[in-house]
Structure formats: structure tokens, C-alpha cells
Amino acid sequence: MNSYGTVLCVGELLIDFFCTEVEVSLTEGRQFTKQAGGAPANVSAAIARLGGRSALLGKVGADPFGRFLTQTLEQQQVDTSMLLADTSVPTTLAFVSRAADGERDFVFHRGADRLLRLEELDRPAIRKAALLHFGSATALLADPFREVYLTLMEEAEAQGQFISFDPNYREDLWNGRQEEFITLSRAAIRRSDLIKVSGEELELITGEEDCAAALDLLHDWGAGAVAVTLGKDGTLISSPGSRMRIPSIPVESVDSTGAGDAFSGALLWQISRLPAPASFIHSPELQQTFVRFANQVGAIVCTRIGAMAALPTLDEVQAFVPHSS
């Protein structure tokens, strides 16, 4: 792994089967399309598409779906040298449809991703990464992956590596376990240099309805920079010394799938190019510039179908700027 400036994304990689029929439940649906999924995987692909260096640490099954996921990431120029294949369990699958009432019908078949173990890791290679990004949707649900996740955070903090954390709350996965999710998220936040949350996640984790009070609490816990994505209302970027709202980019949204991961990838790509990534936390100028660019990347993804397929190159982002201004 080429270490300088590499962003190592840790977390789930899975197959999303999306029902292509309109307004039907999974019980009724018959037609599905297969896509590579998993928030950390999307982030790694976003970084690579912009020309950065990214790698994914995770596990798939030694089956056709696992091979498809590995090949998809390699086509995106993501380093898969730390993506393991398990011969004992299949690749994780998710089936999703939109019912007539607009609610998501969701069935999750947890497989290989949950079985990543500490003893399987290439610790020297992990220590060479400039930045580590943790996207927690499934990783924090149970050991052994939870132990991997929290141990790597602790070791990265001790090594002085830049740590990025996206709580990535999914009600489908944490139903009845909200307090556990909050406790684990707070433990991760205390070690993180960059946190990306939605407004809803910010309130859930802090218990504060007031956004300013919630952000103050995160910084009190030890958080560095916090990016709060607010959709059409833009992005609030906060650090211990500054706070500002960066406007969103008006677009005709077609599919917002993966826009948040694209935002994270764009932000991390820029931070990875800094001689000292932690300087981002202390520079309002960098925060303003980097978040504006990340908003543009997220906006472009909203104008396209799919998650990885919608990710733009740097040339496409640069061409998009005058069109949206």
C-alpha cells in the first residue's frame, strides 16, 4: 500500500439488492438490481475517483458476490490488499424496496463482514495510513468486528493518525438498541479528529435539541472538527475555535443515494493532501474551502443514479462549479 496520503476506510462491504419495481414491498417485489454497497466502501471509491489514494479494510465471503465487490473496488482504483475473503460464511446482503407509503422495506442478511478479527489484520500496514475513516453502520453491532473497530481507533489515536468517524445511524439495524448505539458512538467521538453527522444523528447522540449546544458537547468530549450535513440547508462545520454554515449547491435531485458518503470522501481526499492533516481542525479557511468542494461533490451525486456509479472525477467537479454558480 502506497502509504503517503492514503485514507484507510474501515467497515462494511456488502451487496445491495434494490427492488426496481415502484412502490412495492419486498413481499411483492420480483425484480432486483445488484449493486456494491456499504458506506466505507462508497467513501473509499469517492476518494479514488477524485484521484486520491484509498484502501478498504473489511471482509467478504469467498463467493461470487465477494468477488464482484472486490472487482468493483479495484475498478474504482481502491486498494483491496486488506480486504479479506472468508471461506466459512457468505458475503453480507441487503434487500431494499420502497413501499407505497414511502417507507423503506429492508431485510439484512449479515454475513462475512461481521467476522473480521484482530488476529487477521496487517497491523504494520494499518499504521502506515495517513488517515483512518470509520463508517459504523454495521461494524459496531457486535464482536468480533466491534472489537476490531474500537481497538484500531485506540491504536490510531496513540499513533497520531488522523481519525474520521461517521456514526451512520440506521434505525433498521439498531431497533431497540439506541442507547447502545449512543454509548458506542460517544466512545468513538472522543478519539476522532473529524466527525460527519446528520442533524438527526447529532440530536440522538448528544440528547440536545439545540444544534449549538450539541456541537459544544461534542467538542467537550474531545471531537476535533464536526461536519453536520443538513441537506438543502447546507453543511455546518464546527471546530473548537470556529463555526460556520456553508450553503448547499442547488440541483435537481434524481437520487440522493450515496451523497453523504461522497461528501465524506471529498472532504477526506482534500485533508489527505495536507502535509499535516490535523491542520484542518484549526483552519477556518481550509474548512470553508474543503466543505464547499465536498458539497459540490455531494450535489453532483444527487443528479445521478446509484452510489458508486454516480461518483464524479475531479475534472467533472471542476467543470460543475461554473454551471452551479
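1. The second largest pocket in this predicted model holds about 150 Å³ of space. Its lining is made up of Q35, A36, F68, T72, Q75, Q76, G306, A307, M308 and A309. Two elements, β3 (32-37) and α2 (64-75), each give two or more residues to that lining.

2. Which element gives the most to the lining of this pocket? The answer is α2, with three residues. Sorted by class, the lining has five nonpolar residues and five polar ones, and no charged residues.

3. The helix α2 can be checked for its span. It has twelve residues, and at 1.5 Å a residue these should span 16 Å.

4. Which residues of α2 are buried? They are G66, L69, T70, T72 and L73. Around the axis they cover an arc of only 160°, and therefore they lie on the same side of α2. P64 and Q75 are exposed, on the other side of the helix.

5. Next comes the cover over the buried residues of α2. The elements that provide it include the strands β2 (14-19), β3, β4 (54-61) and β5 (83-86), along with the helix α1 (39-49). Of these, β3 also gives residues to the pocket lining.

6. A last point concerns the backbone just after α2. There, Q77 takes a positive phi of about 75°.

Notes:
Residues numbered from 1 in each chain as written. Predicted model: local features only at pLDDT ≥ 70, side-chain atom pairs only at ≥ 80, totals over all residues. Heavy atoms only, no water. 1 Å grid on protein atoms, 1.4 Å probe; cavity = no way out; pocket = protein on both sides within 12 Å on 5 of 7 lines; lining within 4 Å. Points joined across faces, edges and corners; volume = space filled by probe spheres on them. Helix = DSSP H or I, 4+ residues; strand = E, 2+ residues; numbered from the N terminus. Nonpolar A, V, L, I, M, F, W, Y, C, P; charged D, E, K, R; others polar. Expected span 1.5 Å × (residues − 1). Buried < 20%, exposed > 50% of the residue type's maximum accessible area, 1.4 Å probe, protein only. Arc of directions from axis to C-beta. Contact = heavy atoms within 4.5 Å.
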